[in-house]
Amino acid sequence: MENTKDFKSGFVAIVGKPNVGKSTLLNKILKEKVAIVSPKPQTTRNKILGILNEPNSQIIFIDTPGMHKSQNKLDEYMQKSINSVYEDVDVVVLVIDGLKIIDDSTINFIKSFEKLNKKTILVVNKIDESNFNKMYPKIAKLNEISYLQTILPISAKTGQNVDVLIDEIKKLLTDNVKYFDDDLYTTQSERFIAGEIVREKALWLLQDEIPHGIATQIVEWKESENKVVISCDIIIEKKSHKQIIIGKDGEMLKNIGTKARIEMEKMLNKKVFLNLFVKVKEDWRNNSQFVDDFGYNSKDV
Ligand SMILES: Nc1nc2c(ncn2[C@@H]2O[C@H](COP(=O)(O)OP(=O)(O)OP(=O)(O)O)[C@@H](O)[C@H]2O)c(=O)[nH]1
Ligand SMILES: [Mg+2]
């Protein structure tokens, strides 16, 4: 079908520090879960593409890992995937956490995006947990940053102002091309999302540094008409973490598995038989080969 003259499309990067709510925002915009979310920073490790199809527009969003200082090979991969996103996008949605103090370093951080020379919308997230009187002076402070197209307080969690954000983005789009089929809302494979679901449950259930050292790898996927048998390796970086992830009498692993299976069944609309295996790869986040093997290949960013 030919696009009408007023059809708009384009690519939008969602960027910002870890834990500010970028992935929550993407899921809310799409009304589908394409990116995993957790209260722990550095949840997202890859660029995640989500497509919002509306009768007169197609917006392609790219969620990115939170920006932080690189400490290992995995961090370097994450940084590369953030850097590579800017080439292709028309609009940058820069997300900050509205519950955090907005000081000079925040202002400088936001100003550092000016050199990208992209139309930029600043989103101040998590307003559901604040009140207008507290938020207003903070947002007023941001008005001195002149290169921004819009400053918008939102709640990615409740969806407040998310429709306004989408309208503001549409105003900035100039392409007239349909890049993807109408019925596609992500380019992530079900296999990739399944691995991410296992990682998400581990992020929620495990404490301290353990979840950050976890990678997941789908090693078996046998699908028939009404069931899928999925086997997934959970890779950990220290032998001493093995007992913690398995738990007393296997309780922790069982819990991760049950929660992941329920979510996979919703996604796949089929009965899922999920087998989890724990494997130790000492210090894998510092090993380029392992980082590549577990799906974080710099050549793919
Ligand atoms: N109260 C509140 N919490 C939110 C909101 N948006 C996200 N969160 C919470 O903030 C935490 C981080 O959310 P994510 O969406 O994983 O954040 P992220 O920016 O993608 O994080 P990284 O992938 O680590 O960079 C989670 O606990 C979310 O539930 C919001 O609008 N309000
Ligand atoms: Mg994320």
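This tour moves through one structure stop by stop, saying what to select and what is found there.

The model is predicted, so local features are described only where pLDDT is at least 70 and side-chain atom pairs count only at pLDDT 80 or more, while totals for chains, interfaces and linings use all residues. Residues are numbered from 1 along each chain as its sequence is written, chains are lettered from A and ligands numbered from 1 in the order in which they are written, and side-chain values use heavy atoms, with hydrogens and water left out.

**Stop one: strand E4**

Select residues 91-97, which form strand E4; helices (H or I, at least four residues) and strands (E, at least two) are DSSP runs, numbered from the N terminus. 7 of the 7 residues of E4 are buried, so the strand is largely enclosed by the rest of the structure, where buried means under 20% relative accessible area, exposed over 50%, and partly exposed in between (1.4 Å probe, protein chains only). With side chains shown, Val91, Val93, Val95 and Asp97 point one way from E4, whereas Val92, Leu94 and Ile96 point the other way.

Strand E1 (residues 8-16) pairs with E4 in the parallel sense over 5 bridges, and Val92 in E4 is the bridge partner of Ala13. Strand E5 (residues 119-125) also pairs with E4 in the parallel sense, over 7 bridges, and here Val95 stands opposite Val123 in E5. If helix H3 (residues 104-111) is now selected together with E4 and E5, the three make a right-handed β-α-β unit; a crossover is right-handed if, with the strands pointing away from the viewer, the path from the first strand over the helix to the second runs clockwise.

**Stop two: ligand 1**

Select ligand 1 and the 22 residues around it, of which Lys22, Thr24, Gln42, Thr43 and Asp128 come nearest; a residue is near a molecule or strand if one of its heavy atoms lies within 4 Å of it. Helix H1 (residues 22-30) gives the largest share of this shell, 3 residues.

**Stop three: Thr186**

Select Thr186, which lies in the loop between helix H5 (162-172) and helix H6 (190-205). Thr186 counts as buried because its relative accessibility is 9%. Its side chain reaches the backbone oxygen of Leu49 at 2.7 Å, and a polar contact of 2.5 Å joins the side chains of Thr186 and Gln188. A polar contact is a pair of N or O atoms within 3.5 Å; within protein, one must be able to donate a hydrogen and the other to accept it, and residues adjacent in sequence count only if both atoms are side-chain atoms.

**Stop four: strand E8**

Finish with residues 227-236, strand E8, in which 8 of the 10 residues are buried, so that E8 is largely enclosed by the rest of the structure. Strand E7 (residues 215-223) pairs with E8 in the antiparallel sense over 8 bridges, and the two form a hairpin with 3 residues between them. Strand E9 (residues 271-280) runs parallel to E8 and is joined to it by 10 bridges, with Leu274 in E9 as the bridge partner of Ile230.

Definitions and conventions
Two strands pair if DSSP finds at least two bridges between them.
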